[in-house]
Each structure stands twice: as C-alpha cells, then as structure tokens.
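This report describes one protein chain for a reader who is new to structural analysis. Please keep the sequence and the model in view while reading.

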Amino acid sequence: MTETMRSRLSVRKMAVTAVMAAVICVLGPLSIPIGPVPVSLTNLAIYIAVYVLGAFQGTLSLLIYLLIGLAGLPVFSGFAGGPEKLFGPTGGYLIGFIPLAVISGLLVERYAEKRLISFFALVLGTAVCYAFGTLWLSYQSGLDLRAALFAGVIPFIPVDLVKIVLVTGFGPRVRKRLLQAGLTGRNYGR
C-alpha cells in the first residue's frame, strides 16, 4: 500500500468517515412529503460531510449510506430502503448525490476558507444532483421535464440554499478542528 493510500485510510479517518455515514443515515430518513419528492435532510448531511471531510472521505461516507440503503435498511427519506427506492422515481436524486459530493468536495477542499466560493461549490453540486434527479423522475414517472422540475427542484431551491448557508457558516470551524485532530485529509487551500 502506498503512503498516500495509507494516510487516506488510517483507522482514525475511517472511523470519522463511518461516523459521518451514520450521521447521513440518521438525518436521511427525516423528511416532509410535499409531493413525489420529499423535503429531506439528506443533502444537509452530505453538505456537512463534504465540507468538513473533503471529497474523498465525504464521498465515501455517502457511498456507505447508499449501500446501507440499497441493502434494505430504512435510511432513505421517509424511512425507506431497498433497491425499489434507489431505482424508483426519486432514485435519481440519490444517485445524483454522488456527483454532488465529488464536485462540491473537490472545490471546497481547494477553497474551504473562502466561504463564497464554497457556497457556490455546494450550489453547483446541488444543480448537478437536481439534473440527475429531474431526468430520472421524468423518465420513471412519465412527466415532461418542466413538470419534473416543478415536482423535484423548484420547491426545494430555497430550503437547499438555507442548508448551504448553514454549512458554509459553521463548516470551516468544524473542518479546522478535524484537521487539527488529524481526523481528515490535508489542510486544503493553504
């Protein structure tokens, strides 16, 4: 194993990654049904994960969450789980969380101390997630793209912006503490 891989996969970092996966699993099922796509805290947990852990550990936390849900544990919105949820009408948003985590995580790593850039990094990742989810919702539900946008994106924009503002507000302090404790990757952006 190379030194880079060893530093990425230390036991302490794996433990923090697992804890963040648990946080996503706890917050993910909490949702308010408002139509075919519920308002959920899943993306808030993902924003926190990628902001404080970075792209690698944050995305790994998300992948663990998705695998746990795919296995049938009720960690998806509305306490659902299993392949029928992951591949159902709202599954595109769940899959869209992967590029959200990678894109946002990479940009936040580079510009974590610049809150405005980090804000737009999370917005960009969310837009990509919206695109995945909207296309899949349209395909699965037989909705045209406009109807899918109004069902799965438009009502969520204000709430998601508030979540992003919250994370960019407290994220830098949490990230700095985790870096000082050696529980996450390199000290980005310096």
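How many aromatic pairs does a search of the whole structure find? The search finds three aromatic pairs. Rings of Phe, Tyr and Trp (its six-membered ring) pair if their centres lie within 6.5 Å; planes under 30 degrees apart count as stacked, over 60 as edge-to-face and the rest as tilted. One of the pairs joins Phe-119 and Phe-120, and because the ring centres are 5.2 Å apart and the planes stand at 85 degrees, this pair is edge-to-face. Another pair, Trp-136 with Tyr-139, is tilted, with 5.4 Å from centre to centre and 40 degrees between the planes.

The model is a predicted one, in which local features need pLDDT of at least 70 and side-chain atom pairs count only at pLDDT 80 or more, while totals for chains, interfaces and linings use all residues. Residues are numbered from 1 along each chain as its sequence is written, and side-chain values use heavy atoms, with hydrogens and water left out.

**The chain as a whole**

The chain contains eight helices and two strands. Helices (H or I, at least four residues) and strands (E, at least two) are DSSP runs, numbered from the N terminus. Along the sequence, their order is α-α-β-β-α-α-α-α-α-α.

The radius of gyration, taken over C-alpha atoms, is compared with a globule rule of 2.2 Å times the number of residues to the power 0.38. For 190 residues, a compact globule would have a value near 16 Å, and the chain agrees with its 16 Å. Its C-alpha atoms fill a box of roughly 50 × 35 × 25 Å along the principal axes.

Of the 190 residues, 47% are buried. Buried means under 20% relative accessible area, exposed over 50%, and partly exposed in between (1.4 Å probe, protein chains only). A contact means heavy atoms within 4.5 Å. Among contacts between residues at least 6 apart in sequence, 68% join residues at least 24 apart.

**Selected residues**

The table gives the relative accessibility of several residues.

| Residue | Relative accessibility | Class |
|---|---|---|
| Ser-104 | 0% | buried |
| Phe-119 | 17% | buried |
| Trp-136 | 29% | partly exposed |
| Ala-18 | 42% | partly exposed |
| Phe-79 | 54% | exposed |
| Tyr-139 | 62% | exposed |

Trp-136 and Tyr-139 both belong to helix α6 (residues 115-141), where three residues, about one turn of the helix, separate them. Ala-18 is placed in helix α2 (residues 11-27). Between Ala-18 and Trp-136 there are 118 residues of separation along the chain, and their C-alpha atoms are 29 Å apart.

Which residues does Ser-104 touch, not counting residues up to four places away in sequence? Its partners are Val-50, Pro-99, Ala-121, Leu-122 and Gly-125. Ser-104 itself lies in helix α5 (residues 91-111). Phe-56 is 48 residues from Ser-104 in sequence, with 11 Å between the two C-alpha atoms.

Where does Phe-79 lie? Phe-79 is in the loop between α3 (42-70) and α4 (83-86). The phi angle of Phe-79 is near 60 degrees, a positive value in a residue other than glycine.
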